[in-house]
Amino acid sequence: MERVKRDDGGSSKARGKKGGGGSGGGGPLPPRRLPKPIPQLVLTVLLKRLRKNTGHFGIVSDLSNNIYSTEPLEQFNVVGVHSVRMAEVDQTILQEDDDGEIKVTITSTGQQIDTRQMQWELNTKGTWRGFELETSIKTTLEQVNNAIVKSLPTYKFIPLGRSNLIRWPENQGTGDLGGGVVCWKGISANVAMGWQPYLSADLSHCAFLADTKVMDALKEKIRDLPNDVTQWKPWQFQEAKSFLKNVKIRYKVNGKTIGGPVTELLPRSVSQETFHWEEKGFTTSVYDYFTKHHGIKLNKNGPCLELRKRCKVPAELCIIKKGQSFSRKLDDKQTSNMLNVAKKAPAVLKCEIEEEISNLPTQDNKEIMSAWGMNIGNEMLFLKNTRVLAAPQLRYGPGNGSNSGKGDAIITPKEGQWDPWSGEYAFLNSKTVNVWTIVKVGGAGDKFAPNDDDILQFAQQLRNNGNRKGISFKTRPIRDDGKMAHLRPNDAAASNVTQLVELFENLATQNCDLVVSIIPRKNSPLYSHIKQAAELHVGLLTQCVVGQNVTKGQDATVQNILLKINSKLGGVNYAMQIPPDIEVLNQIDIMRCPMLIMGADVTHPPPGSMKKIQIGKGKTEDVAVPSFVGVTGSIDMTGMPFMMDIRAQRKADRGAAEVIQDLDKIVLDMLIMFRRQTKGIRPRKIIYYRDGVGEGQFPEVLHTEMLAMRKACNSLTDYDGSPYQPKITFVTVQKRHKTRFFYHSPRGIVNPPPGTVVDKEIVHQTQTDFYLCSHAGMMGTSRPTRYHVLWDDSNFTADEIQHLTYYLCYMYVRCNKSVRIPAPTYYAHWAAARAKALTDGMEEYFGNLPKLNERMRRHEEILKNNPMHFV
């Protein structure tokens, strides 16, 4: 698809000439990629034309690059080049005047799929269960089905991403998120193929830029921003530049609407920025061009934007185009506002999903639906064959009070949660804190910093609650004037880390076991600086606490902190015990059959994330931010303590690498650590939970990572000297999907109870996969997690792997609740997050990943004594 003729953003007389303001550079306009909405708009017009001209309604498109048809288009003479004038297109979504012409070239792929056998199976048996379907054919058919759904909506919906259909609102949206960002609502729908084809739909809430004046958006996002750009502080300029990068704007000149993406926020004001006006033969300022030539009143000290790397436009004239999704990370306030907008009770969400489905224009497109043999109903699928698994039993230590001498305490969680603080018994293995200290880390003027009385009260709460669970704080915390670190969150990481290293080294000489560090707020940059100083340089254990939590001094908060402290010190809060009355074989009892339980995750930076690094005197270079790998593994047969390894990685072509590199070395280290901790025991099974893998990546990830694990095992010997070959089970964990469950109870429509398993009808027709809702929905509507067993040497039954997965959701030490994904996978997520924190300020090494990985290797004392330091 290419543009034959287009407006260059200036007046018709200035087209193709050099000029200021809206005119841009000279000469023929360079080819550019079409803005995202244009292919959607053009293909919609073309599809209607083709259906009308051929009388064939079985033509649909994904509104991007592909057209699908129930019959070869050649037999309708639909080949070659087709022209679509922009005058034929509804330009409401473009918000600018475009009189160009687009050429669309249609070429045959030669690919044809015979679906007669599939149709026979469905018609005669009513199900595809057990029917083998080639992966490439299944993928193509799902793409076709999703294209049909995408091709139906009129422009009250915007196709966004692979499956979201976002409603074009008459006003700003469904909620203001702050910082120039609003929330739009729509439906997220994709056709999946289980035992039958079904439409998986969910309500979708997406962040969009508010269509407001550029200057208003900047002032909302950046505090105390002056109108005079020459008065902006460096951090204000950088924040404004980052916000506006690639944002599409529009403005009016001589009654004509012009627009384009912002390529640069220029450093000088409109009166200082100049250009050569070729038509007039002289150089003028942007301010003079717009005020004298177009008669527009302007602030002469206002900021100036560069559009398409060729036009200079005053920012105060510009309005942010409506309909631009905000793909960057939301800040804390925006995230909180998004949750408030998006969270809905199950009954409310069910009604809204059904309403959105009914608003899809299927009735207006009966010919298309009929041509493809598709019909979308308005009622949700009712699943009868679901099960609710029983919770495991949890074993704590002996009682300290009246229960003393009666053995270990056994707790059975109810509705996915339990309260170990209500009984007088200890943790299973409680640790002792011999020497410890509390350090305030923050600026002298930090308004959230607790006072000395608050800190002493907090310390006493730690000791009192710790004693209840067997954690002994032998001494009062070390305190003197040297234990206040006057650091600023926005100071350079290297400077803060240097000061913290000096402080922590002094504490290390006093044999300090634990440093409780009080930080100003959650997600403060000081958190990263503390972890770098303690874990990379000194080898000291730290526990960060937000200042407000110290001031409030709530017992529940202190108790949650103690859960982490005991685990970090190497203790075990509790262990899993399979109930004696459950019919699950001993092979999933980790106390009887030694297992290395692993979790793995790869976190990727947002698309296009770059860091500017110094490469020489006055020279800088943009370097891509790497992906971070976190891998965790259980240490012993309780399945509670975990070790972790971290890596930074990138593909050879600088893209995001999903397959974990060097996994063989990571697994080998974990097997050796397990053997050391258990005094020679080799795990007989490896259970590997892999997060963050899409279905299209299953073959590559399975092949590469299984080979890496086998390589690690083969480098060791078993008890009899033969090659060590444990049984491996490879399970993927998928959180980002559209499936929701609504549980019909006497109380109405509610979230499914913890332990709800769905492994029929909506799952794969031949492979082993299942949905598990393992947590109690505390806010809004629960989303189950989907698990796919890609490999299983142990030949686990479906019941066994489901029970083991569910039980592992109770092994997360940071809370007394069953969580949404197995604990090892959750820990892998935190491990990858710790890798990111440990590299804050190390951007100069982003171009040299071996060096970066070397610098982020944690201190030997931490690795040896505190394997769970990352929780």
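Guide: What follows is a set of questions about terms and the values behind them. This is a predicted model, where local features need pLDDT of at least 70, side-chain atom pairs count only at pLDDT 80 or more, and totals for chains, interfaces and linings use all residues. Residues are numbered from 1 along each chain as its sequence is written, and side-chain values use heavy atoms, with hydrogens and water left out.

Visitor: Why is R51 called buried?
Guide: Buried means under 20% relative accessible area, exposed over 50%, partly exposed in between (1.4 Å probe, protein chains only). R51 has 9% relative accessibility, so R51 counts as buried.

Visitor: What does R51 contact?
Guide: Contact means heavy atoms within 4.5 Å. Apart from neighbours within four places in sequence, R51 contacts H56, F57, I59, V60, S151 and I368. R51 and I368 lie 317 residues apart in sequence but 9.3 Å apart in space, C-alpha to C-alpha.

Visitor: Why does S285 count as buried?
Guide: The relative accessibility of S285 is 8%, and therefore S285 counts as buried. Leaving aside neighbours within four places in sequence, its contacts are V270, S271, E273, T274 and F275.

Visitor: What makes β18 and β32 edge strands?
Guide: Two strands pair if DSSP finds at least two bridges between them; strands are DSSP runs (E, at least two residues), numbered from the N terminus. The open sheet of nine strands has the order β18-β37-β38-β39-β34-β33-β28-β31-β32, with mixed pairing. β18 (387-388) and β32 (642-649) each have a single partner strand, so one side of each has no neighbour in the sheet.

Visitor: How many bridges join β38 to β39?
Guide: Five bridges join these antiparallel strands.

Note on methods
Helices (H or I, at least four residues) and strands (E, at least two) are DSSP runs, numbered from the N terminus.
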